Amino acid sequence: MSVPGAPRDFIAGERFSQHRDERAATELRQLHYLWHVPLLRATQSLLAGRFDEAERLAWEGMAVGQRAHDQAVGVYVPVVVAVVRWLQGRLPELEGAMRE
């Protein structure tokens with residue numbers, strides 16, 4: 001199952017961009033950029049309907065982003081997780097965390 005309305009051309013184009021960004025992040029070897037790699041992969045997995053994989057990759061990105069002391073990771077990862085839960089019909093599970 002893929003996300004309705006996610007055009008295949010967009011997904012293919014994003015894969016090319018993702019590989020380019022992954023190469024750059026890996027070459028730079030800076031945590032500030034490396035946490036983006038699993039988040040990009042999580043987004044691709046989300047669009048392809050691989051929700052468990054998307055969530056796992058998002059949390060991997062969180063771990064790297066926290067090591068980098070990058071506050072932005074605290075915004076991106078919860079969004080990915082919320083979209084996963086929403087598409088699974090499980091958004092109410094996050095109600096407690098959202099209220100905190």
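Start by selecting Val 75. In this predicted model, Val 75 counts as exposed because its relative accessible area is 53%, and the cut-off for that word is over 50%. Color helix 5, residues 73-87, and you'll see that Val 75 belongs to it.

Together with Val 75, they make a nonpolar surface patch of about 300 Å². Keep that in mind for the next stop, as nonpolar side chains tend to be buried together in soluble globular proteins.

**Into the core**

Hide the surface and pick Val 77, Val 80 and Val 84. The largest nonpolar core has 17 residues, and these three touch the most other members. Which elements give two or more residues to this core? They are helix 3 (36-47), helix 4 (51-67) and helix 5.

Stay on Val 77 for a moment. What is it in contact with, once its neighbours within four places in sequence are left aside? Show Leu 39, Ala 58, Trp 59 and Met 62: those are the contacts of Val 77.

**Along helix 3**

Next, select helix 3. Its 12 residues should span 16 Å at 1.5 Å a residue, and since the end C-alpha atoms sit 17 Å apart, the two values agree. Try the distance tool on those end atoms.

Then highlight the buried residues of helix 3: Val 37, Pro 38, Leu 39, Ala 42, Gln 44, Ser 45, Leu 46 and Leu 47. You've already met Leu 39, as one of the contacts of Val 77.

**Over to Arg 67**

Jump to Arg 67, which you'll find in helix 4. Is Arg 67 buried or exposed? Exposed, because its relative accessibility is 52%. Arg 67 and Leu 31 are 36 residues apart along the chain, yet their C-alpha atoms are separated by 7.3 Å.

**Zoom out**

Finish with the whole protein in cartoon view. How many helices and strands can you count? There are 6 helices and 0 strands, and from the N terminus on the elements run α-α-α-α-α-α.

Of the 100 residues, 36% count as buried. As for contacts with a separation of 6 or more, residues 24 or more positions apart account for 52% of them.

Methods: Residues numbered from 1 in each chain as written. Predicted model: local features only at pLDDT ≥ 70, side-chain atom pairs only at ≥ 80, totals over all residues. Heavy atoms only, no water. Patch = residues over 30% accessible without salt bridge, like charges linked within 9 Å, V, L, I, M, F, W, Y side chains within 5 Å. Areas by Shrake-Rupley, 256 points an atom, 1.4 Å probe, with all protein chains shown as cover. Salt bridge = Lys/Arg side-chain N within 4 Å of Asp/Glu carboxyl O. Helix = DSSP H or I, 4+ residues; strand = E, 2+ residues; numbered from the N terminus. Buried < 20%, exposed > 50% of the residue type's maximum accessible area, 1.4 Å probe, protein only. Core = buried A, V, L, I, M, F, W, Y, C linked by side-chain atoms within 4.5 Å. Contact = heavy atoms within 4.5 Å. Expected span 1.5 Å × (residues − 1).
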